[in-house]
Amino acid sequence: MAIQVHTTLRHRIRSSFPEAFYFQRREEEIKRKKIQRRLKLKFFHILFFFLLLAGIFYSVQRIYLFLISWDNLNIKETVIVCSKGELREEIQQSLRGKNLGNILLLDIGHLQQAIRAFRWVEEVRVRKIFPYTLNIEIKERTPFALLRKESLYLIDRWGIELEKIEPEETMNLPLLIDSNEFQKDYKEKLKLAWECLSSLSPLEKNLIEVIDLT
């Protein structure tokens, strides 16, 4: 059913409800101004920083000179950790007559090189323990076989002659012999001997008395 609205009534309705309008906030760009302050260095400032740095370097230098000349930092004790008593005593005896000086100035590399000159020493580690102690840890070489040349020698895996052995001394190690007394192909023959021994069981190794590498 159609309903007709009078023109006057329609006008009243429109006047009572005006057309909707939308509120739109205006977009404003917010500019952030960074406050920049320029620092002007004057001659007084430069002179102050220069004197400050000079004072720091001078103080460090004086402290360093004092420490390297301080008697309380001179090495007075050496602790040698080594399972072989004879080797420990030998190294201790060699260091006993030396003035090792200030612990800060000690060249550890040079000292390690000097200790490695002992035949029984395989590895060495030196640590500084302030104020005046050195800790020296030694790893000894392991005897691996007997080697017959013009004399009888105890050798390690690398063929280093550790010490001379008297023929009457008995050791549970294989004896390596060569008709040329290992004057040629020494390393190759040792390698062949180690390969032979490594292929055996511990029980079989104990049964080996002589390996002829001629």
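This is a predicted model: local features need pLDDT of at least 70, side-chain atom pairs count only at pLDDT 80 or more; totals for chains, interfaces and linings use all residues.
Me: How many salt bridges does the structure hold?
Reply: The structure holds five salt bridges.

Me: Why is the contact between Arg127 and Glu137 called a salt bridge?
Reply: The N to O distance between the two side chains is 3.9 Å. The cut-off is within 4 Å, for a nitrogen of Lys or Arg and a carboxyl oxygen of Asp or Glu, so the pair qualifies.

Me: What makes this a link between distant parts of the chain?
Reply: Arg127 lies in strand 2 (residues 121–129) and Glu137 in strand 3 (residues 133–140), ten residues apart.

Me: Are Arg127 and Glu137 buried, exposed or partly exposed, and why?
Reply: Arg127 has 32% relative accessibility, and Glu137 has 30%. Buried means under 20% and exposed means over 50%, so both residues fall in between and count as partly exposed.

Me: How do you know that Arg141 and Asp156 form a salt bridge?
Reply: Their closest N and O atoms are 2.9 Å apart. That is within 4 Å, so the pair meets the definition. Arg141 sits in the loop between strand 3 and strand 4 (145–148), while Asp156 sits in the loop between strand 5 (152–155) and strand 6 (161–165), 15 residues apart.

Me: Why are Arg141 and Asp156 called buried?
Reply: Arg141 is at 17% relative accessibility, and Asp156 has a relative accessible area of 2%. Both values are under 20%, so both residues count as buried.

Me: What makes Asp178 and Lys189 a salt bridge, and where do they lie?
Reply: Their side chains meet at 3.0 Å, N to O, which is within 4 Å and therefore counts. Asp178 is in the loop between strand 7 (175–177) and helix 5 (186–198), and Lys189 is in helix 5, eleven residues apart.

Me: Why do Asp178 and Lys189 count as buried?
Reply: Asp178 is at 8% relative accessibility and Lys189 at 14%. Since the limit is under 20%, both count as buried.

Me: Which residues form the nonpolar patch on the surface?
Reply: The patch is formed by Phe44, Phe48, Phe49, Leu52, Leu53, Ile56, Phe57 and Val60, with about 880 Å² of accessible area together.

Me: Why can Leu52 belong to a patch and yet be called partly exposed?
Reply: Leu52, in helix 2 (residues 43–68), has 42% relative accessibility. A patch residue needs over 30%, so Leu52 passes that limit. Exposed means over 50%, so Leu52 stays partly exposed.

Conventions:
Residues are numbered from 1 along each chain as its sequence is written. Side-chain values use heavy atoms; hydrogens and water are left out. Helices (H or I, at least four residues) and strands (E, at least two) are DSSP runs, numbered from the N terminus. Buried means under 20% relative accessible area, exposed over 50%, partly exposed in between (1.4 Å probe, protein chains only). Patches are made of residues with over 30% relative accessible area and no salt bridge: like charges are joined within 9 Å, nonpolar side chains (Val, Leu, Ile, Met, Phe, Trp, Tyr) within 5 Å. Accessible areas come from the Shrake-Rupley method with a 1.4 Å probe; for residues, only the protein chains shown count as cover.
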